[in-house]
Amino acid sequence: MTNPISIKGPDREEVIKVWNDQIDMKVKVAGNGPALVYFHPAAGLYWDEFLDRLSESYTVYAPEMPGTSFGDPYAIHKVDTYWDLLLIYQEVISKLGIENAVAIGQSMGGMVACDMAAHYTDMFSNLVCLDPVGLWRDDAPIMTADLYSAPPEKVPGFLFKDPSIPAAQAMFSLPTNPEEIPAHVGHVVWTLGCTGKFLWPFPDQGLGKRLHRVKTKTLVIWGKDDALVPVVYAEEFGKQIANSQVEIIDNCGHIPQMEQLDQTFGLVQGFLAA
Amino acid sequence: MKVLSFQQMPYRNLPSDFAQKHNSVVDTPYNELVKASEMHEYHVNFLDEMMHAARSGFDGLATTEHGQAAYDILPNPNLQMAALAYSTQVEKLDVAICNVGRSLGKSKEALRIAEEYAVLDQISGGRLIAGFPVALSFDANQNNGVPPIETRARFAENRDLIEKAWSSKEVFAFNGKFNKHPYVNIWPRPAQERPPVWAPAIGNPVTMGNIIDADDAFLYLSWFGPKLTGQRIFDRYWDMVEERGKERNPNRLSFVQCVAVGETDEEAHRLYKPHVEAAFRNGLGSIPIQGLGLPGYMDIKGVEHIVKDPGDFGLVMKMRDIKYEELVDSQACIVGGPETVKEQLIELAKNFGIGNMVLMVQHGSMSHELTMKNITLLAEKVVPDLKKIWADEDWDHNWWPTGVAS
């Protein structure tokens with residue numbers, strides 16, 4: 001069966017030397033227009049139709065967190081703390097010469113984007129968070145530890161309300177050439193290991209203490225049926241970021257830009273145009 | 001050859017459908033499964049059985065560390081080892097106190113381990129063998145909250161701190177990534193000049209390389225079935241020993257082997273079959289496979305290697321409903337009358353160059369009485385001949401305790 005998903009992907013890759021030249025940060029780039037920085041989730045950068053569509057109106061810059069770039073796994077060992085990570089992202093954005101960009105972050109990327117906006121309060125023009133992690137309520141546990149401990153067949157159920165949709169199937173597909181499978185699996189597993197450095201055992205690096213510093217105009221989008229990060233957190237982000245609006249999407253799990261692409265893209269487009 | 005008696009501490013009265021209903025680690029429901037009187041009894045049984053082995057002629061007593069586990073209820077085995085160190089001292093039993101683990105990739109308090117081991121060495125008069133495993137992923141990461149990708153870095157730093165804490169003549173400051181101590185000056189230091197170190201591992205070349213470079217003894221385990229994994233792991237080990245210019249001294253290699261001995265082969269199979277089968281199904285078999293390697297715990301090259309060739313893991317993937325016959329055929333457990341068991345152990349030791357045989361004598365639901373019988377038969381009819389292996393070769397044993405330093 002041919003998969004109906006067709007993804008154009010990035011136009012090019014830039015390599016930015018950061019952290020006293022110890023890390024080669026790979027940044028995937030596509031499109032033309034105003035700058036937009038995309039912060040990827042724990043599974044690493046997966047270029048999807050949402051990024052394709054954004055690149056029709058923006059220059060999309062998608063940095064890959066150290067360690068998650070194919071062929072350069074040990075860069076993660078140069079990043080000891082979450083604070084290091086934020087400084088590294090700041091350095092990348094600065095060296096790319098990007099100013100006043102739109103920031104979009106998904107899940108872990110949403111936490112990073114919020115923290116960047118909390119630390120560098122004038123860095124972004126607009127901020128969009130898609131089901132971000134970063135807060136913690138004992139009455140609404142975030143299931144990242146369960147996701148990391150889950151057998152592969154259970155993973156899609158954490159991320160999608162309906163894991164059978166073509167976009168989800170495409171994301172989880174293995175390379176067709178069997179010889180490429182070991183390296184692919186190694187990369188996927190290692191990427192989760194790298195991002196896990198800042199998410200384990202809880203995706204809580206104290207963002208809740210800093211969210212009040214975010215003055216960037218912010219859109220928070222949440223899948224109502226998110227099985228990984230409960231939708232109650234949408235309200236928390238909305239409450240704690242002064243200049244924010246919250247949108248809940250029905251029939252949607254943790255990745256709204258894949259599971260309800262049209263609606264999500266429409267909300268983002270409307271927000272950025274306003 | 002040195003022969004040690006080894007036990008984990010499983011809960012011995014698990015329901016027959018345990019493996020279908022539960023995992024053996026992390027989320028096993030304590031209150032649903034445990035009777036208070038039994039849990040107490042098993043703790044005392046464990047120590048009684050260890051003392052029986054010490055009195056019966058074994059060269060050492062060995063155990064491991066696992067937290068939040070129904071198959072090995074030893075969150076800190078140094079507590080049991082302290083009792084055994086004192087009891088054997090009082091009875092003048094010259095047995096090694098071999099703690100195969102406190103797990104250094106798990107520990108957030110490495111200096112405490114340096115101190116505990118030093119105390120054990122003092123109580124036992126220098127009979128400690130210090131085990132330094134990395135820790136299984138479920139224990140370090142799920143139970144103790146260590147980010148998986150930091151497990152090995154934490155192991156390395158903790159090891160470094162312990163070595164310095166034992167050996168330094170001066171008070172020193174230790175400013176590590178995970179350990180911050182302005183003054184390190186532990187009291188006591190070990191009674192031996194330096195306790196021998198045994199490092200358990202499952203054959204990962206990176207881990208084995210580090211073990212050889214540190215001149216530790218490598219300890220491998222039979223649980224995955226040595227007929228399936230032994231040749232490849234031991235060949236890899238000895239090749240690496242030679243590549244690194246070290247001596248092929250069998251004493252640098254220790255091996256944990258499950259054994260169950262009856263008066264005859266027939267009796268052994270009849271007595272032990274249900275216990276051995278349940279032990280593997282309810283123990284190792286009920287650790288979810290992800291619990292052995294959360295993302296980041298294993299180096300990316302290791303993950304690629306396992307996807308290409310899962311052979312190092314032997315029986316692991318089918319352990320949850322493993323058949324007794326497969327366990328016996330693969331030698332995951334050697335079961336039989338004394339001659340059968342002895343023959344197989346001697347063959348293993350000679351083929352693979354094993355200098356220290358660590359015999360696991362209790363399995364799953366085995367009762368106290370049956371465990372005592374197993375220990376007695378081993379001590380009387382198997383161990384004496386095992387001790388003679390390598391006797392005609394003149395190898396130094398640099399991995400055996402020396403007693404109190406002069």
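The legends below describe close-up views of a predicted model.

**View 1**

**View 2. The hairpin of β1 and β2 in chain A.** Strand β1 (residues 12–18) of chain A pairs with strand β2 (residues 23–30) of chain A in the antiparallel sense, and the pairing runs over seven bridges. Within this pair, A:K17 is found opposite A:D24 of β2(A). Four residues lie between the strands of the hairpin formed by β1(A) and β2(A), and in this hairpin A:W19 adopts a positive phi near 60 degrees.

View 3. Strands of a sheet pair through backbone hydrogen bonds, and the pairing may be parallel or antiparallel. Here strand β3 (residues 35–39) of chain A and strand β4 (residues 59–63) of chain A are paired in the parallel sense, over three bridges. A:L36 has A:V60 of β4(A) as its bridge partner, while A:V37 stands opposite A:Y61 in β4(A). In a regular strand the side chains alternate between the two faces of the sheet. For β3(A), A:A35, A:V37 and A:F39 lie on one side and A:L36 and A:Y38 on the other, and all are buried, with both faces covered. The strand β3(A) is accordingly described as mostly covered, five of its five residues being buried.

**View 4. The contact between chain A and chain B.** Chain A contributes 21 residues to the contact and chain B contributes 18 residues. On the side of chain A that touches chain B, α4 (144–149) and α7 (181–196) of chain A each supply at least two residues. The helix that gives the most to this side is α7(A), with 11 residues. Divided by class, the residues on the side of chain A that touches chain B are 15 nonpolar, four polar and two charged.

**View 5. Helices α3 and α14 of chain B.** Two packed helices are described by the angle between their axes and the distance between the axes. Helix α3 (residues 36–55) of chain B packs with helix α14 (residues 368–381) of chain B at an angle of about 15 degrees, their axes being 10 Å apart. Because angles under 35 degrees count as roughly parallel, α3(B) and α14(B) are roughly parallel to each other. The crossing in which α3(B) passes α14(B) is right-handed. From α3(B) the contact takes B:N45, B:E49, B:H52 and B:A53, and from α14(B) it takes B:H368, B:T371, B:M372 and B:I375. By class, this contact of α3(B) with α14(B) has three nonpolar, four polar and one charged residues.

**View 6. Helices α5 and α7 of chain B.** Helix α5 (residues 110–123) of chain B and helix α7 (residues 151–167) of chain B have axes that come within 9 Å and cross at roughly 45 degrees, which makes α5(B) oblique to α7(B). The crossing of these helices, α5(B) and α7(B), is right-handed. The contact is formed by B:A110, B:L111, B:I113, B:A114 and B:A118 of α5(B) together with B:N158, B:L161, B:I162, B:A165 and B:W166 of α7(B). By class, the contact of α5(B) with α7(B) has nine nonpolar, one polar and no charged residues.

**View 7. The surroundings of B:Q344.** B:Q344 belongs to helix α13 (residues 338–352) of chain B, and it counts as partly exposed because it has 17 C-beta neighbours inside 10 Å. When its neighbours within four places in sequence are left aside, B:Q344 is in contact with B:Q331 and B:I334. B:E242 and B:Q344 are 102 residues apart in sequence, and C-alpha to C-alpha they are 26 Å apart in space.

Definitions and conventions: Residues numbered from 1 in each chain as written. Chains lettered and ligands numbered in written order. Predicted model: local features only at pLDDT ≥ 70, side-chain atom pairs only at ≥ 80, totals over all residues. Axes fitted to C-alpha atoms, helices over the stretch in contact; angles between N-to-C directions. Parallel < 35°, antiparallel > 145°, perpendicular 65-115°, else oblique. Left-handed = near helix turned anticlockwise from the far one by under 90°. Contact = placed C-beta atoms within 7 Å. Nonpolar A, V, L, I, M, F, W, Y, C, P; charged D, E, K, R; others polar. Buried ≥ 20, exposed ≤ 12 C-beta atoms within 10 Å, placed from the backbone. Pairing = 2+ DSSP bridges.
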